[in-house]
Amino acid sequence: MISFSVMALVFGVVFLAELPDKTALAGLVLGTRYRASYVFAGVAAAFAVHVALAVAAGSVLTLLPQQIVHAVTGVLFLGGAAVLLMKKDEDEEEVRRPANQSFWKVSGAGFMLILVAEFGDLTQIMTANLAARYDDPLSVGLGAVLGLWAVAGLGIVGGKALMKRVPLSLITKVAAVLMLGLGAWSLYEAVAG
């Protein structure tokens with residue numbers, strides 16, 4: 001059974017945390033050079049792999065006592081908020097251009113770029129934390145993958161327009177505040193529980 005409230009919360013947190021990330025900019029660069037649907041196919045597949053790994057890791061954490069899980073996730077959320085608040089603006093990374101525009105070359109380039117760039121990234125760690133916190137791998141996984149896909153789609157199709165209207169510093173601060181709230185709540189539950 002899917003919890004839409006958990007899915008929506010995870011979507012929002014992951015979406016906001018990923019917007020100012022380097023992968024949104026990489027998607028923007030790839031989207032300006034290649035067919036958007038080919039780029040999205042590769043990027044979406046890489047994000048699905050990352051979410052599956054994060055949810056599996058978070059599900060293992062649920063085997064620990066609840067107070068320890070709340071304490072660990074609380075500390076990790078607070079650390080994630082600190083990383084977001086101290087993060088400098090990232091420049092576009094150089095993306096190697098495939099020799100041709102075929103589906104497999106373009107989607108493969110997108111897949112490999114995201115697979116490497118996102119491994120151990122903040123949103124992957126957050127997804128593992130959320131999976132441990134809510135003990136609902138399906139809802140957390142769906143929310144996280146939809147949030148990542150939404151950012152990828154925005155980056156590929158309309159990233160330039162969004163970045164002109166909404167400053168990345170504001171998006172980063174909103175994501176950090178959400179993570180601070182989740183971290184404080186988790187630590188409260190660890191102490192009170």
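Modeller: A nonpolar core is a set of buried Ala, Val, Leu, Ile, Met, Phe, Trp, Tyr and Cys residues joined through side-chain atoms within 4.5 Å, where buried means under 20% relative accessible area with a 1.4 Å probe and protein chains only. Please keep in mind that this is a predicted model, in which local features need pLDDT of at least 70, side-chain atom pairs count only at pLDDT 80 or more, and totals for chains, interfaces and linings use all residues. Residues are numbered from 1 along each chain as its sequence is written, and side-chain values use heavy atoms, with hydrogens and water left out.

The largest nonpolar core has 30 residues, and Val10, Val39, Met126 and Val140 have the most contacts inside it. Two or more residues each come from α1 (4–18), α2 (22–33), α3 (36–61), α5 (103–118), α6 (122–134) and α7 (137–165); these helices are DSSP runs (H or I, at least four residues), numbered from the N terminus. The biggest share, 7 residues, is given by α3.

Let us start with Val10. Not counting residues up to four places away in sequence, Val10 touches Leu130, Val140, Gly143 and Ala144, a contact being heavy atoms within 4.5 Å.

Next comes Thr127, which lies in α6. Thr127 counts as buried because its relative accessibility is 1%. Its contacts, leaving aside neighbours within four places in sequence, are Val14, Val51, Ala54, Val55, Val140 and Ala144.

Now for how α3 packs against α6. Their axes, which are lines fitted to C-alpha atoms over the stretch in contact, with angles from 0 to 180 degrees between N-to-C directions, are 7 Å apart at an angle of about 40°. By class, the contact of α3 with α6 has 9 nonpolar, 5 polar and no charged residues; Ala, Val, Leu, Ile, Met, Phe, Trp, Tyr, Cys and Pro count as nonpolar, Asp, Glu, Lys and Arg as charged, and the others, Gly among them, as polar.

Finally, α3 also packs against α5: their axes come within 7 Å and cross at roughly 35°. Val39, Val43 and Phe47 are among the α3 residues here, meeting α5 residues that include Phe103, Val106 and Phe111.

Terms used. Buried < 20%, exposed > 50% of the residue type's maximum accessible area, 1.4 Å probe, protein only.
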